[in-house]
Amino acid sequence: MLLLLAWRNLFQKKVRFAASAGGVALALSLMLMLDAVFQGVEGQLTAYMDNSGADLFVSQQGVKAMHMAASWLPATLGDQIKKVEGVSAATPLLYLSTTLKSKDKSYAVYLFGIAPDAEMGKPWQVAEGKTVPASGETVLDRNLAANLKLKMGDNLKVLGREFKVAGLSEGTGGLISSMVFIARDDFTQLRNNLPVVSYFLVKVVPGADPQVVAARLQASLSGTTVQTKDEFAAQERKLVKDMGADVLNIVNLIGFGIGLAVVALTTYIAIFTRRAEYGLLKALGARNSHLYRQVLSQVLVSVAIGFGVSLALTILLSFIVPLVSTNLVLAIGWAAVIKVILVSLIIAGIAAVLPVWQLGRLDPALVFKKGGL
Amino acid sequence: MKSPVLEIIKVSKSYGTGPTSVAAVKEVSLEIDAGQIILVMGPSGSGKTTLLLLLGALLRPTEGSIRLNGVEVGELSERRLPAIRLQQIGFIFQDFNLLSALNVLENVALVARLAGLKKEAARTKAQAILGELGLASRLYFLPEKLSGGEKQRVAIARALVNEPALVLADEPTANLDSKIGHEVMHLLKRIAKEQGRSVVIVSHDQRIKDVADRVLWLEDGEFKEIAHMATDPVCQMAVERNKAITGEWEGQTYYFCSKGCRNEFMETPGEFGNLAEVLHHH
Ligand SMILES: Nc1ncnc2c1ncn2[C@@H]1O[C@H](COP(=O)(O)OP(=O)(O)O)[C@@H](O)[C@H]1O
Ligand SMILES: [Mg+2]
């Protein structure tokens with residue numbers, strides 16, 4: 001019955017309730033959405049690793065990721081890799097990061113050089129045209145091509161050389177960087193025909209444990225770092241996390257502050273304006289604990305509804321955004337949801353402190369005094 | 001002799017300490033029996049509200065003893081007072097003090113719930129009491145939709161739902177027009193006489209004298225004069241016992257406002273019966 005009262009009190013003042021729940025929703029949405037953006041970027045950054053088909057990545061010793069990294073390996077290393085027990089295939093990959101310019105904007109790209117007979121590391125989904133570029137051709141991310149106003153057959157200048165657009169790939173774009181593929185021989189030429197590659201993508205024989213094969217490779221190849229696909233991807237994600245940590249922390253703090261301020265204020269007002277009724281309840285024999293539960297349930301309902309709305313909003317946005325923006329992907333992770341739930345509970349707890357204190361001090365004798373409450 | 005429901009002995013209450021302290025109630029003593037209606041009157045600032053707060057266990061006396069059904073209320077710990085208020089005392093206020101967000105039934109059932117009744121039992125009990133007070137058709141109305149008299153009856157139902165021994169009312173008729181105020185007065189009288197509850201009313205309303213068994217005059221925190229009241233069985237007027245015209249019938253003393261009433265009574269005393277019955281028919 002007291003909960004019923006709390007509920008009614010909450011919904012009787014619709015504007016205040018909407019402000020309260022809406023404020024929380026806004027604040028939590030801020031957190032959820034930014035987290036989803038970063039989660040989306042992480043997904044984009046590891047898309048190549050996840051879809052390359054490789055079980056293991058061999059890079060120059062000490063190079064653990066792709067983004068903002070350069071790796072040089074002798075091209076001849078491939079034969080050595082293939083001899084190691086448990087390896088079924090090794091594909092050399094040439095890679096660098098550069099920028100492409102349209103009229104008014106520049107785009108960061110990952111440039112990959114792949115051989116025509118490459119078993120791994122090719123674009124995994126193509127919307128139009130070829131999958132593997134021949135000499136003088138390029139296959140690039142479809143959205144990037146759109147941004148650069150390029151159609152099939154148009155020319156694209158990469159590292160000073162013209163390439164004809166021969167294919168448009170899907171799922172290869174990103175907020176930070178998009179992928180461009182050219183033929184391995186063209187890439188080598190751009191590097192003055194040096195007999196070097198960036199990475200080797202390695203596939204293990206069916207049934208072999210990638211971890212075991214990785215250890216075996218690491219032991220037999222000097223000057224390299226061998227990682228499983230998951231390790232390699234984790235390194236990439238860590239990079240994003242480290243880069244984004246400050247921004248995320250600031251936004252989380254702002255969200256927390258807004259949410260707390262809104263809920264604390266509206267709850268305080270809600271309780272304060274009804275203090276006569278709470279004083280009456282006390283006089284009639286309600287205990288302080290009864291009244292505290294009133295406050296807590298009001299705060300929790302506001303926060304829970306705010307959280308629900310923010311989650312719904314973020315999910316909705318994660319569907320809408322890809323339709324509107326080409327490179328932005330929102331990915332909602334469990335960790336973020338749980339974090340925001342915890343933040344909500346902390347907000348509720350702190351917001352309840354002042355009203356609880358206020359009700360605890362309320363003198364029930366004031367109900368009998370005119371204008372006393 | 002039964003022991004009194006409420007017994008207050010030399011109770012004083014001062015607000016504040018030192019030179020600025022105000023003695024609101026001074027060495028007041030009073031006994032109230034079951035079924036008795038006491039009216040406390042007095043000028044503004046005389047300590048009426050303070051007295052009511054003391055009786056309602058909302059304020060501790062500075063000195064003296066307050067016993068409710070033999071329990072020394074003033075000495076109970078703060079934690080035990082809410083239970084005493086819930087179970088032993090019913091409160092009725094000048095401005096009704098209903099919870100605006102709850103309907104009539106919920107307002108009454110809430111107090112029964114607080115006293116530990118299960119949800120259904122609380123509703124059933126609240127419904128029964130509201131029915132007795134003629135509010136059966138108003139159960140699901142919000143307080144704002146009720147007339148003043150209906151609101152006060154809901155408040156009375158709320159005060160009674162936990163079957164308290166003592167009902168305390170602060171100016172219960174002040175916000176009601178005279179006809180409705182009259183009804184409420186007689187409702188309080190019925191509650192006292194039929195249900196055996198003790199009722200203490202603080203009021204300026206002279207008409208409440210009609211239903212009171214005793215009228216106390218509080219001035220400067222002290223009872224100045226205690227008039228023992230009785231009701232004329234013929235015309236229902238309140239009369240002070242020591243000034244009234246008396247008549248004996250079947251070993252009982254009756255009090256009358258005038259010779260006329262006494263003569264009428266004495267012609268056919270059986271028709272008026274005893275006092276309680278007269279009131280019942282009224
Ligand atoms: N909380 C309080 N603090 C200090 N003085 C008070 C307080 N409440 C009442 N008083 C004083 O005690 C006296 C009695 O007040 P009260 O019991 O309210 O009288 P009444 O109800 O008869 O008007 C008055 O002089 C009033 O000013
Ligand atoms: Mg007063």
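1. Between chain A and chain B, 6 residue pairs are in polar contact, counting pairs with both residues at pLDDT 80 or more. That threshold is there for a reason you will want to keep in mind: this is a predicted model. On the chain A side, two helices, α1 (2–12) and α9 (275–284), each supply at least two of the residues that touch chain B. Sorted by class, that side of chain A has 13 nonpolar, 4 polar and 7 charged residues.

2. How many salt bridges does the rule find across the interface of chain A and chain B? The count is 1. The partners are Arg8(A) and Glu106(B), whose closest N and O atoms are 2.7 Å apart.

3. As for extent, chain A brings 24 residues to the contact and chain B brings 31. The two chains bury about 2500 Å² between them, with carbon and sulfur atoms giving 66% of that area.

4. Now to the ligand. Where does ligand 1 lie? It sits between chains A and B. Chain A is represented around ligand 1 by Lys369(A), while the surrounding residues from chain B include Tyr15(B), Val22(B), Ala24(B) and Pro43(B), as well as the run from Ser44(B) through Gly45(B), Ser46(B), Gly47(B), Lys48(B) and Thr49(B) to Thr50(B).

5. A polar backbone atom of Gly45(B) is 2.7 Å from an oxygen atom of ligand 1. For Lys48(B), a backbone N or O atom lies 2.9 Å from an oxygen atom of the ligand, and for Gly47(B) the distance from a polar backbone atom to a ligand oxygen is 3.1 Å. Taken alone, ligand 1 exposes 560 Å², and the protein buries 62% of that.

6. Which elements give two or more residues to the shell around ligand 1? They are β2 (22–32) and α1 (48–55), both of chain B. Of the elements, α1(B) gives the most, with 3 residues. By class, the shell around ligand 1 divides into 4 nonpolar, 6 polar and 2 charged residues.

Key:
Residues are numbered from 1 along each chain as its sequence is written. Chains are lettered from A and ligands numbered from 1 in the order in which they are written. This is a predicted model: local features need pLDDT of at least 70, side-chain atom pairs count only at pLDDT 80 or more; totals for chains, interfaces and linings use all residues. Side-chain values use heavy atoms; hydrogens and water are left out. Contact means heavy atoms within 4.5 Å. Buried area is the accessible area (1.4 Å probe) that two parts lose on being put together, summed over both. A salt bridge is a side-chain nitrogen of Lys or Arg within 4 Å of a carboxyl oxygen of Asp or Glu. A polar contact is a pair of N or O atoms within 3.5 Å; within protein, one must be able to donate a hydrogen and the other to accept it, and residues adjacent in sequence count only if both atoms are side-chain atoms. Helices (H or I, at least four residues) and strands (E, at least two) are DSSP runs, numbered from the N terminus. Ala, Val, Leu, Ile, Met, Phe, Trp, Tyr, Cys and Pro count as nonpolar, Asp, Glu, Lys and Arg as charged, and the others, Gly among them, as polar. A residue is near a molecule or strand if one of its heavy atoms lies within 4 Å of it. Accessible areas come from the Shrake-Rupley method with a 1.4 Å probe; for residues, only the protein chains shown count as cover.
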